[in-house]
Amino acid sequence: MNLQPATRERIARSWFPVLRDFELAPGGYQAKIVVRDHNSGKIGTVIHEFEVPDLSLFRSSTPVISDSLQPDPEKKTTPRPALVVNRSFPAGAMVYASFEVYGAAKEKPTGMPRVTAGYVVRRPDGTVLVSVAPTRINPTSLGKLSRIIGTRLPAEALGDLELVFSLKDEVSGKTLEVREPFTVTPAASAAASSGP
């Protein structure tokens, strides 16, 4: 990649996301990503196994968790968390997450879904560090459901944590819990290890 110095500096902080969309039938899959450094000839690879759920089920996308937002100089869209591979964030940082909800039942009078979502940040032993009560996700005019949250990590929140979303389809009564693990490091060591 031929990069301008400013772009190279930004990528050194946030890495370089590569996005690809695939339409897959329900079932189990394995994605294998291979990259090669043209200069050194070194090759890197990662394998990720995942499940595509039945599209008729009440479900959510995998939450995107980040400590930075995608740049939008013209401020035309709602800021979204920047896609990053890193799952370690410095203590006291602002952490953002976004997800979409699918398969919710529709109310008869309006034809719109009615889903509530809340979340907690907790330790593996169940100790809750941050708690936000469920509120309704307002659907778009087409009935799309998405939410973006932001929470500041407490200074004492070090180590392995998980962000747990609790979703409820208020029409059908179905519930869903989505867990995303991440790690909080002391601010100084997180800054020192932030490169790719």
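In the predicted model, strand E7 (residues 115-122) and strand E10 (residues 159-169) pair in the antiparallel sense, and eight bridges join them. Within this pairing, tyrosine 119 has phenylalanine 165 of E10 as its bridge partner. Five residues lie between the strands in the hairpin of E7 and E8, where glycine 126 takes a positive phi near 100°. In general, the strands of a sheet pair through backbone hydrogen bonds, and the pairing may be parallel or antiparallel.

These pairings belong to an open sheet of five strands, which has the order E5-E11-E10-E7-E8 and mixed pairing. Strand E5 (88-90) and strand E8 (128-137) are the edge strands of this sheet, each of them pairing on one side only. When direction is ignored, neighbouring strands of the sheet are turned by 25° against each other on average.

The sheet is set within a protein chain that has two helices and 11 strands, and the order of these elements along the sequence follows the pattern α-β-β-β-β-β-β-β-β-β-β-β-α. Taken along the principal axes, the C-alpha atoms of the chain fill a box of roughly 60 × 40 × 40 Å. Of the 196 residues in the chain, 27% are buried, and the chain exposes about 13,000 Å², of which carbon and sulfur atoms supply 55%. Among contacts between residues at least 6 apart in sequence, 60% join residues at least 24 apart.

The largest nonpolar core holds 26 residues, and those that touch the most other members are Val101, Leu163, Phe165 and Phe182. Two or more residues of this core come from each of strand E6 (94-102), E7, E8, strand E9 (145-152), E10 and E11. Phenylalanine 165, already described as the bridge partner of tyrosine 119, also takes part in a cluster in which ring pairs link Phe99, Tyr119 and Phe165. When residues up to four places away in sequence are not counted, the residues touched by phenylalanine 165 include Pro63, Ala97, Phe99, Tyr119, Ile149 and Leu176.

The count of aromatic pairs in the model comes to four. One of them is formed by tyrosine 29 and phenylalanine 50, which are stacked at 5.8 Å centre to centre, with 20° between the planes. Because tyrosine 29 lies in strand E1 (residues 27-36) and phenylalanine 50 in strand E2 (residues 43-52), this pair ties together parts that are 21 residues apart in sequence. Tyrosine 29 has a relative accessible area of 28% and is therefore partly exposed, and phenylalanine 50, at 28% relative accessibility, likewise counts as partly exposed.

Another aromatic pair, that of phenylalanine 89 and phenylalanine 182, is tilted, with 6.0 Å centre to centre and 55° between the planes. This pair links distant parts of the chain, since phenylalanine 89 lies in strand E5 and phenylalanine 182 in strand E11 (residues 175-185), 93 residues apart. Burial is defined as under 20% relative accessible area, so phenylalanine 89, with a relative accessible area of 0%, is buried, and phenylalanine 182 also counts as buried at 4% relative accessibility.

Terms used. Residues are numbered from 1 along each chain as its sequence is written. This is a predicted model: local features need pLDDT of at least 70, side-chain atom pairs count only at pLDDT 80 or more; totals for chains, interfaces and linings use all residues. Side-chain values use heavy atoms; hydrogens and water are left out. Two strands pair if DSSP finds at least two bridges between them. Helices (H or I, at least four residues) and strands (E, at least two) are DSSP runs, numbered from the N terminus. Axes are lines fitted to C-alpha atoms, for helices over the stretch in contact, and angles run from 0 to 180 degrees between N-to-C directions. Rings of Phe, Tyr and Trp (its six-membered ring) pair if their centres lie within 6.5 Å; planes under 30 degrees apart count as stacked, over 60 as edge-to-face and the rest as tilted. Buried means under 20% relative accessible area, exposed over 50%, partly exposed in between (1.4 Å probe, protein chains only). A nonpolar core is a set of buried Ala, Val, Leu, Ile, Met, Phe, Trp, Tyr and Cys residues joined through side-chain atoms within 4.5 Å. Contact means heavy atoms within 4.5 Å. Accessible areas come from the Shrake-Rupley method with a 1.4 Å probe; for residues, only the protein chains shown count as cover.
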